[in-house]
Amino acid sequence: MKSLTAGDLEDCLMTKVGVRRQQLSQIVEEVQRVVHQLTTEISHQDIRFQAVPYSDTYNGNIKVLSPSRFLVTVPVKGLAGYREAREQRWRYYTLQGTRLSCPLQDPEGLQQWLEVEQFMKSLWQWHEADVNIEGDIVPAKVLQVFRKLVENAIGTCHLSGKVSMLTHHSAVWVAVETATWQVELELVPTVEIPTAWSEKARWPPCLRRWPSRQRVECIKSFGFALLARSQYHWQLSFLQAEQVLLAQLDEDGGCRSRCLQALRQMKEDVWCPGKRPVITSHHLQTVLFWTCEKYPHLKDWQVFSKAFLRLVRKLHKCVSQHFLKHYFVRKSNLLRSANSGDLDAVAQRLALFLKNPQISLP
């Protein structure tokens, strides 16, 4: 098999990256139109949900986790003036309305409760029993309401031939037939909180040199969000903050973005292909953030081959140990619920690549 130089490695990967970008831009364009159409209809049916806007450039509500799997955040409306809850209380309720003898488990890691009283202003609809139990806005009940709205919107918008509900999930998933291939979307009701930074995100730590203090303040100014993805607890999300970090990676002329693109390409082609990969783009960007923090200087990001292999080694370590800390909430392991067998298979492929990057290249 032909031996490739470091330059060949970069050229080969970046050529593939260009093809991927062109394909995905067409798919995202189709998905955007469908999502905008559906959520516009949903917003007409229920004032608590906003339409996802259509964008000719980057759409912050659509996150590509893999070429056939997208996360779509659907903003809710009528909750403003967020503040952290100051009092802890036990919850004994269930989704069915019965009482428990022992309290519900407290949220861990990236999770938290959400009380309607945490907002200085709230629409009366958020106090209704279809989404509220004992003052809590309960994600499972929000998802129940939202799922029915999505089902109805697919029919009303005459999209039944293009969009179908996926019923084997507790969250709201739809399959969209695009001109290229089928894409699965998780549609997630999202409480956007642009006025505050989560107390759970104790970031940045002391004695770190990346990103700069000015960049940190800018990132924190975008706030965070809460996603309805489970039964009782809301999931913290920092998609906007992460996007700001990604957009300004290489202002010093480094190759961090190219390394991430190449890492993603190899992940999709060789290490973790398939429709439902155990490792997603979000895992890869988290690996990059940790590596940028450890290697903050431009000199560490000037030679593509060295920087790329450093990222691969970091990814291999995380996957092998089944442990990848969330970049902002460092007590949370992003691989905690991942399938161990799938992770071990990816670790094995990464190890083979690291033994001989040239021969293992597709």
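This is a predicted model: local features need pLDDT of at least 70, side-chain atom pairs count only at pLDDT 80 or more; totals for chains, interfaces and linings use all residues.

1. Helix H6, residues 281-294, and helix H7, residues 304-321, have axes that come within 10 Å and cross at roughly 115°. An angle from 65 to 115 degrees counts as roughly perpendicular, and H6 and H7 are therefore described as roughly perpendicular to each other. The crossing in which H6 passes H7 is right-handed.

2. On the H6 side, the contact is made by Leu284, Val287, Leu288, Trp290 and Thr291, which meet Arg310, Leu311, Lys314 and Leu315 of H7. Sorted by class, the residues in this contact of H6 with H7 are 6 nonpolar, 1 polar and 2 charged.

3. Helix H2 covers residues 139-156, and its 18 residues, at 1.5 Å a residue, should span 26 Å; the end C-alpha atoms of H2 lie 25 Å apart, which agrees with that expectation. The buried residues of H2 are Pro139, Ala140, Lys141, Val142, Leu143, Val145, Phe146, Leu149, Val150, Ala153 and Ile154. After H2 comes His158, which has a positive phi near 55°.

4. Ser66 belongs to strand E1, residues 62-66. With a relative accessible area of 1%, Ser66 is buried, the cut-off for that term being under 20%. Leaving aside residues up to four places away in sequence, Ser66 touches Lys267, Glu268, Lys275 and Pro277.

Notes: Residues are numbered from 1 along each chain as its sequence is written. Side-chain values use heavy atoms; hydrogens and water are left out. Axes are lines fitted to C-alpha atoms, for helices over the stretch in contact, and angles run from 0 to 180 degrees between N-to-C directions. Helices (H or I, at least four residues) and strands (E, at least two) are DSSP runs, numbered from the N terminus. Angles under 35 degrees count as roughly parallel, over 145 as roughly antiparallel, 65 to 115 as roughly perpendicular and the rest as oblique. A crossing is left-handed if the near helix is turned anticlockwise from the far one by less than a right angle, and right-handed if clockwise. Contact means heavy atoms within 4.5 Å. Ala, Val, Leu, Ile, Met, Phe, Trp, Tyr, Cys and Pro count as nonpolar, Asp, Glu, Lys and Arg as charged, and the others, Gly among them, as polar. The expected span of a helix is 1.5 Å times one less than its number of residues. Buried means under 20% relative accessible area, exposed over 50%, partly exposed in between (1.4 Å probe, protein chains only).
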